[in-house]
Each structure stands twice: as structure tokens, then as C-alpha cells.
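Please open the structure in your viewer and keep the selection panel at hand.

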Amino acid sequence: MLASARGFWGRHRRKILVSLGVAGAGYAAYRYLDSHRRQLVRVEQRALEERAAEEIIKNQLQTHFENVQKISDTTTLPFAMHYLRSRIMEELDISHLTEKLMHGKGESSAPALTPKEKYDTWEKIKILSFTRTVSSIWAMTLLSLYVRVQVTILGRHLYLDFARVTDGAQLQEGSDTFSKSGHKDFLATADYLATYGINALITKMQHAATEILKEKQLKDPMGIDEVLETILQILKQFMGLCEDNSWINYLVPENANVYAQLMAVSSSGFDDSSLLKDVRKLDQLMSETRIVLSRNIMDRSLKKIASVVVEDLAEQIGAPIPPPGLPLAKLLAKVAQLSLPLLEEPDKNKHIQIIRSMPEVELFYTFLYANMPPET
């Protein structure tokens, strides 16, 4: 039997070895493919987990950005507009001058005004009426643009921070990201104009109005088109007085550290700039804002609002103004009242909505979010 087995082995040895080799190779291939399959499953599982994590981060990012937008629309801009209105009405109050004229007519026990006193009072009313309305045009327009620029810049920075995370860059403590408290600090700078910049703005605007109106006499007739031209001339004169774009200093803090100290003192009564976090990042965002607030987009917005304001004036007057127009003195009260709707709350302020809906403004924000140079 042993001999028979040896004979069988001798006759079929090659076939047996080949079969064993094939079986071994097949088993090895199976083990290799199974290992590869398990590795692919692990890779796919890891990819699914990473995509799920990215989706969670993206949703959190979207939620946070929507919260920033909500804070800006419901708190930041309304509060800033409310404070701006109170400051302009306070600094450019005309009621005491109109009361002086009424008293000077003998309607009270006060002595009658001399011709020179009456003339000087009317001249002050003329200057202050245009100063108040043109200051309101400029302040409302710039504040509206500024707050939306803030949100757009924050949105882009949030996206860039997210991109760094998804690219594998770990965000360590002290990195260039911006905390939620930092977002609020940046949004709070919208109040800078009404708090710190308004007095200098009004002073320079009054100089511009005085220069443009010095040749316009109270008895001179003025039509609607001439009112618009006068407003535009005052704006142009004002911007010309702001050398090297110094107008931006009325709107945006020039130095984050100084601003931090001002905020610390105003909120706590003592100098503790640690109350304002992320000063370095805040300085970066403020610097970026100062750069991207385009003079071109500002000029277009101001011209648009000036034309809307003059249309409002024509509606106030009601009947068409016969050429060559009404005496300037009769227009001053209505000119001064134009500032009130300009400084209305944002949800009631048609002028803010008009600015936001301007195609060139929408394009400006699109370029800004994409970090492209604004060309409008």
C-alpha cells in the first residue's frame, strides 16, 4: 500500500503541488483582499465621521453667523441709530432760535429783537437747518454701510477659520481666530460715531454748510433741484475738508488699544482694558474695515439718499413749487425736519433699506465677502 501511495505521488506530484500552490495563493489573495476591504471600510468610515464632524462645524458656524447677523440687525444698528438721533438732535437743536424769533416779535414780555439780532438769528437757523439734515444724511448712510461691512467681514473671517480647521490646521489657544465675545466687541464699535465722532463731524459739517450757504440770502428763491444741489455741495465741501480720508476717524476707532481703554473706563469707571478681549484681532478687523470702506460706494450711497430726501421735501411741500422757487427762509423749517425720518429706527427707516437694495452696494458686499478688491 505504501508502494501504491508512492506510485500515486510520483505520478501526480506535479499536479498536487500545483493544486496546493494555487490553493495557497488563493488563500493569500483572499487574506490580502479581505484586509484591503477592511481597510477601505475603515477609511470610508473615517471619511463619513469627518464629513459628519465638518457638517456639525458648518452648522455651528452658520448658526453663529446668523446670531451675529441677528445681533447686528436687532441690537447693534437700532441702538446705534437711536443714540445717533439723540446726539444730533441735541447738538443741532434749533428750537431755542425759533423761540427767540417768536419772542422777538413781541409775543412775550421779552424785548423785541433789533434788525441785526433778527438777521443773525435767521442766519444761524439757515446754517443749522442744513447742517442737521446733511449731517444726518452722512451719519445714517455711513453707519448703515459700516454695520453691514462689519457683519460681512465677520462672516468671511468665520469662513476662513472654518477652512483652516477642515484643512487640518489645529487652532491653538492664542491663534488668529476671534471669540464670540470678540465678535460683540467688534460690533460694539458701531456706537463709536455717536459716542466719540459726532462732535467733530458736526463741527466740520457746519464749516462746510457755512461756506456753501454764505452767498445764499434768506429772500433768494430756491427750487427743489437747487436744494438738492446745495446738499450735494455741502457734502462735497465736507469731504474736501477731510484731508487724507480723515472722515473715517469719525466712524471707526483708529487704535484698538486706545478704544479698549475708552470702553473699559466707560463701562467700569476705571482703566481695565482686560475687559475688552481679543484686542489684537479687533485691531486687525478695524484696520480691515478702514481699508474696505470705499469712498466710491460711500459717494454713490450719499447721492442716492440726498435725492430721496429732496423727493421727501417735495412731498412735504405738496403743491408744485412755482419757478424760480420759494424764498429760502420758508424752506428752512422743512429742511430741518428732513433729519427726523433719516434717523428713524432701522425697521422703519426706508433710507437704510434703499441703501441695502442698491445693486452697487450689494455687489460691493459680495466682493468683500469673497475677499476680492471692491471695484464699485
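Begin by selecting Asp244, which sits in the loop between helix H6 (224-241) and helix H7 (248-251). Please bear in mind that this is a predicted model. Is Asp244 buried or exposed? Its relative accessible area is 77%, and because exposed means over 50%, Asp244 is classed as exposed. Now consider the backbone: Asp244 is not a glycine, yet its phi is positive, at about 55 degrees. Most residues other than glycine have a negative phi.

Next, select Asn245, which is also placed in the loop between H6 and H7. What is the phi of Asn245? The value is near 55 degrees, which is positive in a residue other than glycine. Asn245 has 40% relative accessibility, so it counts as partly exposed.

For the next stop, select Pro323 and Pro324 together. The peptide bond that joins Pro323 and Pro324 is cis, with an omega of about 5 degrees. Most peptide bonds, by contrast, are trans. Where is Pro324 located? Pro324 belongs to the loop between helix H10 (295-317) and strand S2 (326-327).

Finally, select Tyr159, a residue of helix H3 (residues 115-166). Tyr159 counts as partly exposed because its relative accessibility is 47%.

Conventions
Residues numbered from 1 in each chain as written. Predicted model: local features only at pLDDT ≥ 70, side-chain atom pairs only at ≥ 80, totals over all residues. Heavy atoms only, no water. Helix = DSSP H or I, 4+ residues; strand = E, 2+ residues; numbered from the N terminus. Buried < 20%, exposed > 50% of the residue type's maximum accessible area, 1.4 Å probe, protein only.
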